[in-house]
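User: Please take me through the assignments in this model, setting each value against its criterion.

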Amino acid sequence: IIKGEKTGTDRRKNLILSSYLLKTLTIMILSGLMYFSSEYISRLIGFQGLGSSIKLISVVFLSKIFLGPLNIAILNSFQDYQKSMIAGLFDKFGHFATALIAVLMDASLDEYLILHIFSVLLACIYQNLILYKHRNLFLKGEMTSRGFLSDLKVMAVFSFPNSIRRQVVRYHGVILRYLTAAILDVFSVGIVAFIYNIFDLISSVCTTGQKVFITSLAKAKNKKSFFERLKKIIANFNFIMIIIGLAIILGAPYIVYIIGGSEFSVATKLVKDFVFAQYFVQLLYVIGTFLVYYNLNYTYLFIEVSKTVLIIITSYFIIAHSQTIDYIPWIDASFIFLELIVISSIILYSLRIKISTRVIQFFLANIAILFFYLVITSALEQHIFFSNFLSFGSIVTRGILFTIGACITYLIHKPVEGFVISNEGIKINIK
C-alpha cells in the first residue's frame, strides 16, 4: 500500500506519518506508565531503591521517539535492505559502546542508564539524514486530513498490537539486565548486556536478510500457497542459522576477544549457550509472519507478552536463588521454544494439516547437531591445545570441526523440498 501498487494511488506520506504517530503514542504511553509506576514496580520486585533507575529506563525508552518517522520497517517496505541493515547496526553498536564504557568505568546502574540515553544518537542521526536526503521518495504524495485520519485508523487496527509486541521483544533483554544489576552487581549486568548486544547484532543481520525472502509471502493468493512459500523460506534459512550457530559455538572465544577484549572472557560460555535461543528466535520470526499476514496480531501479542513475563519471572527467581547468570540463555531458549510450538500449532490448526514425522525428525536432527557441538567443545575446552584459542592447533581443530558440521548440516537439508543448494549449485526457486 505504501508504494501505491495495489490501489493505484500514492499514500506513502499518510501511512508513514500515521505509523510514526502511532509509534510515538505507544512509546509515550508505555514510558509514562513505567515512569509514574516506578516506585510501585520497585516495591513489587522487592528492591525499593530502584525507583530512580526505573524512571531512567522510561527516559531511555522515550528517547526512541527521536529515531523519527523513517524506521527499519519502512526501509524494508521499499526493499532498501542495505540501508535497513546499516540503520540496525548503528543502533546495536550504540548499545555496545554503552555497555563497554559502563563496565570500563565501573559505572553505577543509574550512570549506565544515563549513558544508555545517548546510545540511540547514532541511529537517530543516520535515519533522519536518510529521511531528509530522500524526502521526495519516502514522503511522496499529497496529504489530506480525511485521508490521514482514514489511514491512521487502518494503521491503528493492524499495527498497534505489532508495535507493542516489537517493543516487548526488544526490551525484555533490557529488563533482565536491570534485574541482574539489582540482584548481583554491575559487572554481571555488563556481561549480560554484552551478550544480548552480540546477539542483537547477529539478529539485525539475519532478520534483514530474511526479509528479502519474506517479502515474497505477500504475493501468496491464499493460506495454502502462503504455507508452501513459508516452508521454502524455513528450509533455507534453517540451513543458514545452523551454519551460523556452529560458527558461534566454535568461534565464541574469538567473538568475545575481538569485541570485548580479555575482560569479557567469562562471557564465552554464555555466548555459546545463547545459540539455541538465537536459532529458535529466527525460526519464530519467519513462522510468526503467518499470524501477522492473516491478522492474528492480538493473538501474537498475547503469546509474546505471556512468554516475556514468564522469562522475566523465572529469571528473577533463578538468578536470586543461584546468584549466577549462567542459566539465562537456557531460560530464554526454553520459553522461546515453547512459543514456537504454540504458534506452529495455531498455523497447523488454521490450515487443517498435520505435521509429518519427517518434519519432526528434520528439526530434531538440527537441534541435535547444535547440542552435540556444545557438548564436544565444552569437553575439548578441558585440554590446553583447544582452550588456548589463539594457538595454531586450536584454530585448525575448530576449522576442521566447523567443516564437518557444515557437511552434516548440508546432508540433513539436501533432501528437503525447496532447498536451494544442490549438486548443480545454487538455484533460487522462491519468486
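Analyst: A residue is called buried under 20% relative accessible area, exposed over 50%, and partly exposed in between (1.4 Å probe, protein chains only). Helices (H or I, at least four residues) are DSSP runs, numbered from the N terminus. In helix α14 the buried residues include N297, Y300, L301, E304 and K307. The model is predicted: local features need pLDDT of at least 70, side-chain atom pairs count only at pLDDT 80 or more, and totals for chains, interfaces and linings use all residues. Residues are numbered from 1 along each chain as its sequence is written, and side-chain values use heavy atoms, with hydrogens and water left out.

User: Why is the pair of Y35 and F36 called edge-to-face?

Analyst: Rings of Phe, Tyr and Trp (its six-membered ring) pair if their centres lie within 6.5 Å; planes under 30 degrees apart count as stacked, over 60 as edge-to-face and the rest as tilted. A search of the whole structure gives 10 aromatic pairs. For Y35 and F36 the centres are 5.3 Å apart and the planes at 80°, so the pair is edge-to-face. F362 and F363, with centres 5.1 Å apart and planes at 75°, are therefore edge-to-face as well.

User: Which residues form one aromatic cluster?

Analyst: The cluster is formed by F276, Y279, F280, W330 and F337.

User: What makes R165 a charge over the ring of Y300?

Analyst: The criterion is NZ of Lys or CZ of Arg within 6 Å of the ring centre and within 35 degrees of the ring normal. R165 lies over the face of Y300, at 4.0 Å from the ring centre. Likewise, the charged end of R352 sits over the ring of Y349, 4.4 Å from its centre. Y300 is also among the buried residues of α14.

Methods: Helices (H or I, at least four residues) and strands (E, at least two) are DSSP runs, numbered from the N terminus.
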